[in-house]
Amino acid sequence: MAYALEDEFGDIIKKARRGLDLSLGHLSNATQIPDLDLSKMEDYLLKPTVDQVSKLADQLDLDADKLMQIAEESWVPAPVPVTY
């Protein structure tokens, strides 16, 4: 049984950026991705390229392969067994 993720690509990069206390401008400068494109990614309006995902993962200390799979909506976490 596959479970939907609570957070999608936009949520993940926004939370990671905020957790690192980075402004859109700072992240834009570091990744060379325009502010407007970053904002659209965070709002689910723009799907990132492989290169953009790699740059974002590097700056946000995230796993690039998993982040790309999430961007492509092909990664879901493995079920965690629950014991009572």
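Colleague: What pattern does the protein follow, read along the sequence?

Modeller: The pattern is α-α-α-α-α, with five helices and zero strands. Helices (H or I, at least four residues) and strands (E, at least two) are DSSP runs, numbered from the N terminus. This is a predicted model, in which local features need pLDDT of at least 70 and side-chain atom pairs count only at pLDDT 80 or more, while totals for chains, interfaces and linings use all residues. Residues are numbered from 1 along each chain as its sequence is written, and side-chain values use heavy atoms, with hydrogens and water left out.

Colleague: What puts the buried residues of H4 on the same side of the helix?

Modeller: The buried residues of H4, which spans residues 50-60, are Gln-52, Val-53, Leu-56, Ala-57 and Leu-60. They cover an arc of only 130 degrees around the axis, so they are on the same side of H4; the arc is that of the directions from the helix axis to the C-beta atoms. The face turned away from this buried side carries the exposed residues Val-50 and Asp-58.

Colleague: What covers the buried residues of H4?

Modeller: The cover includes helix H1 (9-19), helix H2 (24-31), helix H3 (35-42) and helix H5 (64-71). Take Leu-60 as one case: leaving aside its neighbours within four places in sequence, Leu-60 is in contact with Ile-13, Ala-16, Arg-17, Leu-20, Leu-22 and Leu-27.

Colleague: How do you know that the buried residues of H3 share a side?

Modeller: In H3, Leu-38, Met-41 and Glu-42 are buried. Their arc around the axis is only 100 degrees, which puts them on the same side of H3. The buried residues of H3 pack against H1, H2 and H4.

Colleague: Why is H1 called oblique to H5?

Modeller: H1 and H5 pack at an angle of about 140 degrees, with their axes 9 Å apart. Axes are lines fitted to C-alpha atoms, for helices over the stretch in contact, and angles run from 0 to 180 degrees between N-to-C directions. Angles under 35 degrees count as roughly parallel, over 145 as roughly antiparallel, 65 to 115 as roughly perpendicular and the rest as oblique. The angle of about 140 degrees therefore makes H1 oblique to H5.

Colleague: Which residues of H1 and H5 meet?

Modeller: Phe-9, Ile-12 and Ile-13 in H1 meet Leu-67, Ile-70 and Ala-71 in H5. The residues of this contact divide into six nonpolar, no polar and no charged. Here Ala, Val, Leu, Ile, Met, Phe, Trp, Tyr, Cys and Pro count as nonpolar, Asp, Glu, Lys and Arg as charged, and the others, Gly among them, as polar.

Colleague: How many residues are in the largest nonpolar core, and which have the most contacts inside it?

Modeller: The largest nonpolar core has 17 residues, and those with the most contacts inside it are Phe-9, Ile-13, Leu-56, Leu-60 and Leu-67. The elements giving two or more residues to this core are H1, H3, H4 and H5. A nonpolar core is a set of buried Ala, Val, Leu, Ile, Met, Phe, Trp, Tyr and Cys residues joined through side-chain atoms within 4.5 Å.

Colleague: What is the phi of Asp-61, and where is this residue found?

Modeller: Asp-61 has a positive phi of about 55 degrees although it is not a glycine, and is found in the loop between H4 and H5. With a relative accessible area of 70%, Asp-61 is exposed. Gln-32, in the loop between H2 and H3, is not a glycine either and has a positive phi of about 65 degrees. Its relative accessible area is 62%, so Gln-32 is exposed.

Note on methods:
Buried means under 20% relative accessible area, exposed over 50%, partly exposed in between (1.4 Å probe, protein chains only). Contact means heavy atoms within 4.5 Å.
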